[in-house]
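Thank you all for coming. I would like to take a few minutes to walk through one structure, so please have a look at it first.

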Amino acid sequence: MKKVAVIMGSDSDLEVVEKAIDILDEFKIPKEVHVFSAHRTPDEAANFALTARENGFGVIIAAAGLAAHLAGALAANTTLPVIGIPIDAGPLDGIDSLLATVQMPTGIPVATVAIDGAANAAILAAEILSVEDEKLAVQLVKRRHNDSEKVLKKNAAIEKKFNKKKKK
């Protein structure tokens, strides 16, 4: 199975990014986690992206706040899928990060999840890898089924509490 790279622009993003790491672990997807800044370590970030495919990666997840250029900087240097996680890190509640991550020029796409949406970034990475990995595809179907069951149990509890049958 290909690896997933989880890159964050700052270690202050780790609290959010750990949700992605946990899900990758749940699916037993091999990963590497790094801190590279698009602005403070641009050479390291570019080199990582340039060599990611030959180093066994299939997807890159990039989390950054504020100016949030990391996902785009990585995507500019690879043709691997890049998934951006905009981080709520400043006075604009992550809207600045969202716009910086999602507004990419034609030819340099970045799939972007919700602000602080690390869990969905990992699930999307798993879905991308599942195109070539049937076992992973089955795990994803099981996870969806389990998620559905959880919602239905919550629904049953709510219905029981609020939808009491009237006696005739």
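Predicted model: local features only at pLDDT ≥ 70, side-chain atom pairs only at ≥ 80, totals over all residues.

Residues are numbered from 1 along each chain as its sequence is written, and side-chain values use heavy atoms, with hydrogens and water left out.

Let me begin with the rings. Searching the whole structure gives 2 aromatic pairs, where rings of Phe, Tyr and Trp (its six-membered ring) pair if their centres lie within 6.5 Å, and planes under 30 degrees apart count as stacked, over 60 as edge-to-face and the rest as tilted. Phe36 and Phe48 have ring centres 5.8 Å apart and planes at 45°, so this pair is tilted. It links distant parts of the chain, since Phe36 sits in the loop between strand E2 (31-35) and helix H2 (42-51), whereas Phe48 is in helix H2, 12 residues apart; helices (H or I, at least four residues) and strands (E, at least two) are DSSP runs, numbered from the N terminus.

Phe48 also pairs with Phe57, and because the centres are 5.2 Å apart and the planes are at 55°, that pair is tilted. Ring pairs therefore link Phe36, Phe48 and Phe57 into a cluster. Are these residues Phe36 and Phe48 buried or exposed? Both are buried, which means under 20% relative accessible area, with exposed being over 50% and partly exposed in between (1.4 Å probe, protein chains only). For Phe48 the relative accessible area is 10%, and for Phe57, also buried, the value is 2%.

Lys3 brings us from the rings to the charges. Lys3 lies over the face of Phe57, at 4.3 Å from the ring centre, the rule being that NZ of Lys or CZ of Arg is within 6 Å of the ring centre and within 35 degrees of the ring normal. Lys3 also forms a salt bridge with Glu32, the closest N and O atoms being 3.1 Å apart. This pair joins distant parts of the chain, with Lys3 in strand E1 (residues 3-8) and Glu32 in strand E2, 29 residues apart.

The count comes to 5 salt bridges, each a side-chain nitrogen of Lys or Arg within 4 Å of a carboxyl oxygen of Asp or Glu. Another of them joins Lys31 to Asp25, with the closest N and O atoms 2.7 Å apart; Lys31 is partly exposed at 30% relative accessibility, and Asp25 is partly exposed at 38%. Glu26 forms a salt bridge with Arg143, at 3.1 Å between the closest N and O atoms. Glu26 lies in helix H1 (residues 14-26) and Arg143 in helix H6 (residues 134-162), so the pair ties together parts that are 117 residues apart in sequence. Salt bridges that share partners join Glu26, Arg143 and Asp147 into one network.

Finally, Lys160 lies in helix H6 and is exposed, with a relative accessible area of 69%. Between Lys160 and Gly58 there are 46 Å in space, C-alpha to C-alpha, and the two are 102 residues apart in sequence.
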